[in-house]
Amino acid sequence: ILTDATFKKQTSKGVSLVDFWADWCTPCKIQGPVVSELADEMSDKAKICKMDVQHNQRIPGELGIRNIPTIMIFKDGKMVNKFVGVKTKNVLMKGLKAALES
């Protein structure tokens, strides 16, 4: 779980996938288990994180997040991919692998 305070440090090195969500968001509840599966499979290669946009508004604001769920993939602190809305595990896995190989 990321916060406004920990976000930059956690995403500054390596590849990180961040799921921006809120507990009142129904599509986020659909996306959540998909992100959990990715975490189980990819945690040795990439950081899989979640950020509650209701309790952490500064970073999502800086990143221009308007809709949730939004999933962003960062490499060494720079955003390299962005997905808005519910995405399949396959789509997210391809994005992660592309970031890991770049």
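How exposed is arginine 58, in terms of relative accessibility? I looked it up: arginine 58 counts as partly exposed, at 43% relative accessibility. My cut-offs are these: buried is under 20% relative accessible area, exposed is over 50%, and partly exposed is in between, with a 1.4 Å probe and protein chains only.

**Ground rules**

I am working on a predicted model, where local features need pLDDT of at least 70, side-chain atom pairs count only at pLDDT 80 or more, and totals for chains, interfaces and linings use all residues. I number residues from 1 along each chain as its sequence is written, and side-chain values use heavy atoms, with hydrogens and water left out.

**Entry 1: salt bridges**

I took a salt bridge as a side-chain nitrogen of Lys or Arg within 4 Å of a carboxyl oxygen of Asp or Glu. By this rule I count six salt bridges. As background, side chains of opposite charge can pair when their charged atoms come close.

I started with arginine 58. Its salt-bridge partner is glutamate 62, with the closest N and O atoms 3.2 Å apart. Both residues sit in helix 3 (residues 58–62), four residues apart, so about one helical turn separates them. For elements I use DSSP runs numbered from the N terminus: helices are H or I with at least four residues, strands are E with at least two. I also noted a network of salt bridges that links Lys8, Arg58 and Glu62.

Next I checked aspartate 19. It forms a salt bridge with lysine 50, and the closest N and O atoms are 2.9 Å apart. Aspartate 19 belongs to strand 1 (residues 15–21) and lysine 50 to strand 2 (residues 47–52), so this pair ties together parts 31 residues apart in sequence. Aspartate 19 is buried, at a relative accessible area of 0%, whereas lysine 50 is partly exposed at 22%.

Then I went to glutamate 41. Its salt bridge is with lysine 89, the closest N and O atoms being 2.5 Å apart. Glutamate 41 is in helix 2 (residues 26–42) and lysine 89 is in helix 4 (residues 89–101), so the pair ties together parts 48 residues apart in sequence. Glutamate 41 is partly exposed, with a relative accessible area of 40%. Lysine 89 is partly exposed too, at 24%.

**Entry 2: lysine 75**

Lysine 75 is placed in strand 3 (residues 70–75). I looked for polar contacts, meaning pairs of N or O atoms within 3.5 Å; within protein, one must be able to donate a hydrogen and the other to accept it, and residues adjacent in sequence count only if both atoms are side-chain atoms. The side chain of lysine 75 reaches the backbone oxygen of serine 102 at 2.4 Å. A polar atom of that side chain also lies 3.0 Å from the backbone oxygen of alanine 99. Contacts (heavy atoms within 4.5 Å) came next. Not counting residues up to four places away in sequence, lysine 75 touches Gly14, Val15, Val80, Ala99, Leu100 and Ser102.

I checked burial along strand 1. Seven of its seven residues are buried, so the strand is largely enclosed by the rest of the structure. Val15, Leu17, Asp19 and Trp21 point one way, and Ser16, Val18 and Phe20 point the other.

I call two strands paired if DSSP finds at least two bridges between them. Strand 1 pairs with strand 3 in the antiparallel sense over six bridges. Leucine 17 has isoleucine 73 of strand 3 as its bridge partner. Strands 1 and 2 run parallel and are joined by six bridges. Phenylalanine 20 stands opposite methionine 51 in strand 2.

Threonine 70 is in strand 3. Threonine 70 is buried, with a relative accessible area of 1%. Its side chain reaches the backbone oxygen of asparagine 67 at 2.4 Å. Its bridge partner in strand 4 is valine 84.

Strand 3 pairs with strand 4 (residues 78–84) in the antiparallel sense over six bridges. These two strands form a hairpin with two residues between them. In the turn, aspartate 76 has a positive phi of about 50 degrees.
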